[in-house]
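Please examine the model shown below.

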Amino acid sequence: MTTTELNKRDWVALEQKYYQGTFKRQPLTLVRGEGARVWDSDGKVYLDFVAGIAVNVLGHCHPAIVQAVQHQVTQLVHVSNLYYNTRQIELAELLGIQSKGMRSFFSNSGAEANEGAIKLARKYGRLHRNGAFEIISMENSFHGRTLATTAATGQAFYQASWGPLPDGFKQVPFNDLQAVKEATSEKTVGILVEAVQGEGGIWPASKEFMQGLRKWCDEQNLVLICDEVQAGTGRTGKFFSWEHYGIRPDIVTMAKGLAGGVPIGAMLAAPRADIFAAGDHGTTFGGNPIATAAGVATIKTIIEEKLLENATKMGEYLASKLQTLSKKYPFIDSPRGIGLMRAVHVKHDLAPVIVQKALEHGLLLNSTAPHTLRMIPPLILTTGDIDEATELLDHALADVVALPIAQAK
Ligand SMILES: Cc1ncc(COP(=O)(O)O)c(C=O)c1O
């Protein structure tokens with residue numbers, strides 16, 4: 001089928017017939033992407049501030065990813081983890097350098113990376129803490145959709161329908177060290193935290209909290225697990241978001257941006273927690289040559305193109321633009337966040353309406369909740385892109401301001 005023929009098909013009707021209805025989709029069928037832009041099946045262009053939900057860190061179809069994947073499919077598409085795999089080892093080496101000494105295990109998604117982290121923590125408990133198994137995680141967190149990661153996720157909405165959930169998880173308020181201490185018992189083996197909560201609406205942890213967690217874990221012989229699935233791979237202006245806090249976790253999980261759009265997950269362990277033995281854990285596809293070749297290309301490009309510095313600079317520029325818009329439109333507050341991980345609080349639950357209006361004007365945004373507008377654009381963003389996005393958002397907000405609900409106090 002040619003592209004024109006493909007674009008003529010009624011994708012929405014076809015999806016209803018053939019795909020399970022798990023996603024609340026925007027009315028948009030995307031067919032192509034380049035840099036910070038995507039095109040729909042009618043040829044309309046959009047500036048993409050969703051980036052696959054923090055996945056396309058190098059933008060769409062970055063030449064480094066395209067070349068790495070194209071080359072790899074001509075060499076080796078898949079090989080079992082029964083054998084050594086050069087790309088997998090190269091990516092583990094790069095992550096070992098970035099993390100200053102952690103060793104990797106690769107999987108295919110963030111949830112799987114967290115499952116691996118939970119198993120590793122339970123092994124730690126078995127060996128070093130009298131069989132302790134419980135993980136304390138944070139309210140408003142998000143750790144995945146498997147049963148164990150749903151149990152670890154501190155949002156009632158995700159847990160409500162799926163009981164009984166696996167045992168051994170407990171949530172406490174985010175940024176409340178005293179609550180963590182009070183929740184710790186002889187059953188506790190680890191603390192799982194996002195240094196910057198992503199799905200929860202872009203909430204960075206306080207320095208006191210992260211440093212306090214590290215100290216508490218050392219004192220109590222617990223493992224500190226940082227979920228870097230969304231905030232990692234440079235999004236906050238550091239390769240790992242925990243680097244902002246002057247701490248080092250024992251276990252780190254990654255996914256999303258790590259292979260620039262090719263599915264991957266990673267679970268890294270510092271020497272103290274690096275205790276998996278052969279047979280303890282496994283995967284068929286995890287660390288697949290294509291995914292890891294894309295991961296190698298992603299990390300090398302982040303370094304070569306100085307994208308950590310760019311995420312910091314562009315993040316500040318974006319925040320300054322949002323700040324200006326918040327003065328103009330009373331229903332949006334000052335922005336919060338770090339690097340290219342930003343959100344604004346929206347009054348009257350107008351975030352989904354703003355997302356809709358922005359889409360009509362050619363800007364893709366996302367709302368994590370009716371009162372939260374989230375921006376997680378690619379790290380290759382330029383000031384020109386931000387200027388254009390601000391203009392498009394300004395138009396969208398002007399449409400919204402005309403609605404009676406936006407006038408309410
Ligand atoms: C912090 C965090 N952890 C874990 C996950 C789950 O990742 P995946 O959807 O790849 O399973 C997500 C997904 O949004 C996330 O943001």
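The largest cavity is lined by Phe49, Leu318, Lys321, Leu322, Leu325, Leu363, Leu365, Met375, Ile386, Ala389, Thr390 and Leu393. Two or more of these lining residues come from each of helix H12 (307-328) and helix H14 (383-401); helices here are DSSP runs (H or I, at least four residues), numbered from the N terminus. A cavity is a set of points on a 1 Å grid over the protein atoms alone where a 1.4 Å probe fits but cannot get out, and lining residues have an atom within 4 Å of a point. The largest cavity holds about 60 Å³ of space, a volume being the space filled by probe spheres set on the points. The lining comprises 10 nonpolar residues, one polar and one charged.

The model is predicted: local features need pLDDT of at least 70, side-chain atom pairs count only at pLDDT 80 or more, and totals for chains, interfaces and linings use all residues. Residues are numbered from 1 along each chain as its sequence is written, and side-chain values use heavy atoms, without hydrogens and water.

Turning to the rings, the structure holds seven aromatic pairs (ring centres within 6.5 Å). Phe157 and Tyr158 have ring centres 5.0 Å apart and planes at 75 degrees, so the pair is edge-to-face (planes over 60 degrees apart). Phe157 is exposed at 62% relative accessible area, whereas Tyr158 is buried at 16%; exposed means over 50% and buried under 20%, with a 1.4 Å probe and protein chains only. Together with Phe142, Phe157 and Tyr158 form one aromatic cluster.

Key:
1 Å grid on protein atoms, 1.4 Å probe; cavity = no way out; pocket = protein on both sides within 12 Å on 5 of 7 lines; lining within 4 Å. Nonpolar A, V, L, I, M, F, W, Y, C, P; charged D, E, K, R; others polar. Phe/Tyr/Trp six-rings, centres within 6.5 Å; stacked < 30°, edge-to-face > 60°.
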